[in-house]
Amino acid sequence: MSEGPSLRRVRVAVEAPQHSGLTGPLDYLGPQDLTPGTLVHVTLGRRDVMGLVWDDLPEGQDLPEDGQLPESELRPVGEALDALPPLSDRWRRLLDFAAQYYQRSVGELALAVLPPQLRDLDAKQLQARLKKLDKADAAAAKAAAEIDAAVAAAAAEVADGTLADPLQRPALTAQQQAALDALAEQANRETPPPALLWGLTGSGKTEIYLRAAEAALERGQQVLVLVPEINLTPQLEARFAERFAGRSIVSLHSALTPAQRLRNWLAAHLGRAQLVLGTRLAVFASMPRLGLIVVDEEHDPSYKQQDGARYSARDLAVYRGHLEKVPVVLGSATPSLESWQHALAGRYRRVDLTERIGGGALPRVRLFDMNRLERKKGVTTALSVPLLDAMRKRLDRGEQSLVFLNRRGYAPVLHCDQCNWKSDCPHCSAHQVFHKEDRTLRCHHCGVTTRVPRACPSCGNPDIAPLGRGTERLEEQLAQALPGARVARIDADTTRLKGSLETQLAAVHEGDVDILVGTQMIAKGHDFRRITLVAAVNPDGALFSSDFRAPERLFSLLMQAGGRAGRDAAQAAASEMWIQTWYPEHALYQSLQKHDYEAFAGSQLHERMTANLPPFAHLALVRAEGRTVEAARDFLTAAQEAAQTLPLSLGLLLYPPVPMAISRVADSERFQMLIEAGNRAQLQRFLRAWLPELHALKRRQKGLTRWAVDVDPLAI
C-alpha cells in the first residue's frame, strides 16, 4: 500500500471576518510542493473560501509556537488553482507592506485586490478560462506580429530618410527632450529614485509618458500607468492605443464587468499585456516584467481609497518602484505638498516643464470682485454681467467657454421663507439637493430620493424656493442669458448611462457645444482645443474650511480648470480664466493670478511646518459609527483611555473624539479621533500595539456598528 503525499504546515492568507482581530496568514496542512503565491480553496469556519499560499515559515519554526495548533489539528488545504502561475514574491511583499502600513489583514487586502470572478472559480473552470484566453491571445499575437513587421519596415525607411515617422510622434521641445534624458538617466540606476515631473497644463506631460513607455517596451518590459478617475482612462487609453498599435493594452478599473476585469488581470499576470492603464486599484496589478510606473495627476485625492483598506495608490506606487527597482514618474502641474517637499529634500528628482507646447501663454487670470455688485435680498446672481459679456464675445468668435461649479443638482437646498424650513435629509446631517430635471430631492451622501413637495411640509406655504446654485441651475441660467448658445452640462447626473460621457466629450471636441458647464469631472485632464474662456463662479467655500488641505485642493482644482483654456497655441494669448470671488485679495488667488505654484506651495509648507501638520508630522484617524451618538463617542473615549496605558503612546498627541463634518449618514452617527506623531515609525509601532485593544473594545460595545483606522488621512 503506497503512502499518501507528504504534508507540511503551510501559511494561507484568507479574508477573515471584519474586526475578527486576525491579521496574518492562517496555518493549514498542505502538500510539500505547494508554492507560495498559489491560489487554493480552504475551509474557514463553515465556509469554503479562496486563499493565497503565503511565504514559508522561517527555518526552525516548523514546530507550533505558543497559541498555534499542532499539525494534527490543522485543516487540510483544498483544491489548488495551479494552472495559474503563482503570484510573485515581490507582489506578496507589496501586499505585506500595504497591510501592515494601513493596519489591515493581509488576507483581506490580498483577496480584495484580486478580480472577484477569480475567487469564484474552481481549477477546472480556471483552466477553461485560460484556454479561451490562449486562443484569443494567439489571434491577437498574429495580428500584432504583422503590425510590428510593417512598423519595423517603415522604421527602416524612416532611418534612410525615405518615409516620415510611422508613429506620427510630435517633435519634442527642448524641455521635453531634457526631461526624457533625465528620466532615461534615472532608469539606468540600480535603484532609481522617483521622478516628480512638474509640468504646466499643456506642457506635454502625456508625450513624456508615451516616450518613456516606448523605451520600456523596447526593453521587453511592462508598463503601469495610473490615472485618478475612470473618466480619464478611455481618452488616455485611446492615446496609447494610437501610439502603440499592435501592442497589448488593457485597462483595470471598477467600471469593467467582472468578466472584463478577470480577462485583463490575467493578461497582465501572464505577462501578455504590455501596458496596463488603470485607476488606484491597478497599483496592485500582478506584472512579472514591470519596468516603469507612471502616476498621472499624482496630487489627486482620488488615489486615496476611502473605505476598507484606506491605502494611497500613489504612495504604494512609489514603494512598489523601490521594491522592484523600477523608475516611477509622478506627473502634475500642481504636485501634492508631500511630493513637493520630498523633491525639495532630494528624495525625489524634480523634472520641470515650464513651457506650453507651441509656446502658448497660460490663460490670463481675472479676479472679479463680487463686492462690486449691488447687494439685493436673496442670493446674488451667480453670473456677473461682465462675465456674460466675455462669454458673448467668445460666442461671436465661434470659440468655446467652460463654466466650472463643483456642485451638481439645481440648488443645494429648497427653502421656505415663511417658517425657515429647509429640505434636510431625514437620515443624514445634510440637505437633500433639489434636482429640477426630474423634480426630486436627492441626498448625495446616503442616496435617498423623494419627490419635491407641493407646499412647505412644515407650514403649508406653497411658495418654497431653491436656495443656492448647482450645475443644473447654472445651465438653465446660461441658456436664458445667452439665447442661441448651445449649452451642455457634464456632471455625475448627466453621465450615469454607459457611454454618455464619451458622447458628450466628443460633442465638445467636435465644436457642437458653445458653453460647457460642469463639476471637477471636466476640470482636469481633458484636451479641449477650442476653449478660450474658463470661469469659476463660486469657489470661495474652500478658503475657510476646517480641513487644512482644502486650500491645496482648491488651488490645484482651479489651476487644472484654467489649464483647459488656450491649449491651442494660436488662441492661447486671448485665453482667460475668470474667478468670481468675494475675497480677491486672498493670497491663494494672488498666487493663482501669477500662475505661481512655487510661491503658493512655499507659503503652505511654511504654515504646515509652523502648525506641525503633514508633511512635517504623521497622522492617523480612528473613525467610529454607531446607532447612537453615545455608542460612537464612548468607543473612542475608551480607545483613548486604553492608548494612554501603552508606553508607546508617549510623545504622541491623541486629540479628544469629535463629530465628523457630516456627523450622521444613513442614520449612523459618526465620530473621529486624531492621532499625531512626529515620527512615522513611532506611529506605526503604536498602532500595531493599540489595535488589539480596539478589537476587544468593539466586542464589548453593543451600539457600535463599525470602526476603522485611516493612516495618512486626506479628509479631516
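# Why the terms apply: strands, helices and contacts

User: V250 stands opposite V276 in β8. What makes strand β7 and β8 a pair?

Analyst: Two strands pair if DSSP finds at least two bridges between them. Strand β7 (residues 249-252) is joined to β8 by 4 bridges, and the two run parallel. The count of 4 meets the requirement of at least two, so they pair. This is a predicted model, in which local features need pLDDT of at least 70 and side-chain atom pairs count only at pLDDT 80 or more, while totals for chains, interfaces and linings use all residues. Residues are numbered from 1 along each chain as its sequence is written, and side-chain values use heavy atoms, with hydrogens and water left out.

User: Why are both faces of strand β8 called covered?

Analyst: Buried means under 20% relative accessible area, against over 50% for exposed and partly exposed in between (1.4 Å probe, protein chains only). In β8 (residues 275-278), L275 and L277 on one side are buried, and so are V276 and G278 on the other. In a regular strand the side chains alternate between the two faces of the sheet.

User: What makes strand β2 largely enclosed?

Analyst: Strand β2 (residues 26-31) has 6 residues and 5 of them are buried, so the rest of the structure largely encloses the strand. β2 also pairs with strand β1 (residues 7-14) in the antiparallel sense over 6 bridges. V10 has Y28 in β2 as its bridge partner.

User: Why does E207 count as buried?

Analyst: E207 has 5% relative accessibility, which is under the cut-off, so E207 counts as buried. E207 lies in helix α6 (residues 205-218).

User: Which side chain makes a polar contact with that of E207, and how do you know that the term applies?

Analyst: The side chain of R243 does, at 2.8 Å. A polar contact is a pair of N or O atoms within 3.5 Å; within protein, one must be able to donate a hydrogen and the other to accept it, and residues adjacent in sequence count only if both atoms are side-chain atoms. The distance of 2.8 Å is within that limit. Contact in general means heavy atoms within 4.5 Å. Not counting residues up to four places away in sequence, E207 touches R169, P170, L172, Q176, R239 and R243.

User: Is R211 buried or exposed?

Analyst: R211 counts as buried, because its relative accessibility is 16%. R211 also lies in helix α6. An α-helix has 3.6 residues a turn, so residues three or four places apart point the same way. Leaving aside neighbours within four places in sequence, R211 is in contact with R169, P170, L172, L180 and R243.

User: What makes helix α10 mostly covered?

Analyst: Helix α10 (residues 337-344) has 8 residues, and 6 of them are buried. These are L337, E338, S339, W340, Q341 and A343. They pack against several elements, including β5 (195-199), α9 (313-324) and α17 (597-611). After α10 comes G346, with a positive phi near 85°.

User: Why are α10 and α17 called roughly perpendicular?

Analyst: They pack at about 95°, with their axes 11 Å apart. Axes are lines fitted to C-alpha atoms, for helices over the stretch in contact, and angles run from 0 to 180 degrees between N-to-C directions. Under 35 degrees is roughly parallel, over 145 roughly antiparallel, 65 to 115 roughly perpendicular, and the rest oblique. The angle falls in the range for perpendicular, so α10 and α17 get that name.

User: What makes β12 and β19 edge strands?

Analyst: An open sheet of 6 strands has the order β12-β22-β21-β13-β20-β19, with parallel pairing. β12 (364-369) and β19 (487-490) each have a single partner strand, so one side of each lacks a neighbour in the sheet. The partner strand β20 (residues 515-518) is joined to β19 by 4 bridges, and V487 stands opposite I515 in β20.
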